[in-house]
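Visitor: I would like to learn how to read a protein model. Please take me through it one feature at a time.

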Amino acid sequence: YDVVDHFKFNREVVEIFMNYLDRYVSSALSKGVNLSRRSFQLVAVSSLYLSMKLHGEADDPKKMVKTIDMSTFVKLSRNIFPEETIEEMELDILFTLDWRMNPPTMARFITDFFELFPSRPPAVLIERSRYVAEMSVCVASLSIEQRPSVVAFSAILNAMDSMNMMSLQHEIYQVFLDNIERATSLSKKMSKIEEVRAMLNNMCPIPTDDVTISLEDSNDSFLSIYNHTLRTEHFASGKTSPVCVAEAHMSPPPLKRKRSDANNAREKK
């Protein structure tokens, strides 16, 4: 997430990168090939380069699609891998994955699900849903073993439960769930959904709001309250982003925040 945020790419790129990496490693293991640490690092760097090159939309849809130079990834690998080596692995990944480079993602499902919201969805609900989904990317039991649509829907349900129910009128809440069920057959009562929700809640319990928000409030108000929630000690872990799938305890990835006017002014000077 740090690398993607640095270049201001859409964070969905991280989920796609992890998909490439997991599928390549799984393919190698199925053939009895155990990757060395150096080989794994090369696959990781090349997978990230591929995901950013193929899906590196700017975080702001109004901005142009960004490009990133191969030399940047040589530096990211601390000059361990030259450009030619990364390019060779890039081609190997493409053939190993049979050129199937557009996997379904939780981020995309969340966006599509909110298209079924009967009114303008609260920004805090969208952001909380994305936040939980982003954290699950680095947990194998969620990102690999569960379908992206199931995790996305479960993240939305957990985000809804964390909000004061007065902020989502019950009728609108129910219509939203009914719309999703009609379109996807996903239901809040499904055992798989309940299982994944429990896993998400155990990984990242979201504090319940003590503030009532109405649907008429502006998106800025939603985001203000959401950012206030994330500043609580509950999320204070000392880390800035998920680090490794193998870690037993994952800390929350940083939320995207706009740079302050003061910081922009200092840089201009």
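Visitor: How many Å² does the accessible surface of the chain come to?

Guide: Accessible areas come from the Shrake-Rupley method with a 1.4 Å probe, and for residues only the protein chains shown count as cover. Here the chain has about 15,100 Å² of accessible surface, and carbon and sulfur atoms hold 51% of that. This is a predicted model: local features need pLDDT of at least 70, side-chain atom pairs count only at pLDDT 80 or more, and totals for chains, interfaces and linings use all residues. Residues are numbered from 1 along each chain as its sequence is written, and side-chain values use heavy atoms, with hydrogens and water left out.

Visitor: What percentage of the residues count as buried?

Guide: Buried means under 20% relative accessible area, exposed over 50%, and partly exposed in between (1.4 Å probe, protein chains only). By that rule, 43% of the 269 residues are buried.

Visitor: Which secondary structure does the chain have?

Guide: Helices (H or I, at least four residues) and strands (E, at least two) are DSSP runs, numbered from the N terminus. The chain has 13 helices and zero strands.

Visitor: What does helix H10 reach from its first C-alpha to its last?

Guide: The expected span of a helix is 1.5 Å times one less than its number of residues. H10 takes in residues 170–184, 15 residues, and reaches 21 Å, close to the 21 Å expected.

Visitor: Which residues of H10 are buried?

Guide: They are Ile 172, Tyr 173, Phe 176, Leu 177, Asn 179 and Ile 180. Seen down the axis, these buried residues fall within an arc of 155°, so they line one face of H10; the arc is that of the directions from the helix axis to the C-beta atoms. Glu 171 and Arg 182, on the other side of H10, are exposed. The cover over the buried residues includes helix H6 (106–114) and helix H9 (148–162).

Visitor: How many aromatic pairs are there?

Guide: Rings of Phe, Tyr and Trp (its six-membered ring) pair if their centres lie within 6.5 Å; planes under 30 degrees apart count as stacked, over 60 as edge-to-face and the rest as tilted. The count is six. In one of them, the ring centres of Phe 113 and Phe 153 are 6.1 Å apart with planes at 75°, so this pair is edge-to-face. Phe 114 and Phe 176 have centres 5.5 Å apart and planes at 15°, so they are stacked. This pair links Phe 114 in helix H6 with Phe 176 in helix H10, 62 residues apart.

Key: Contact means heavy atoms within 4.5 Å.
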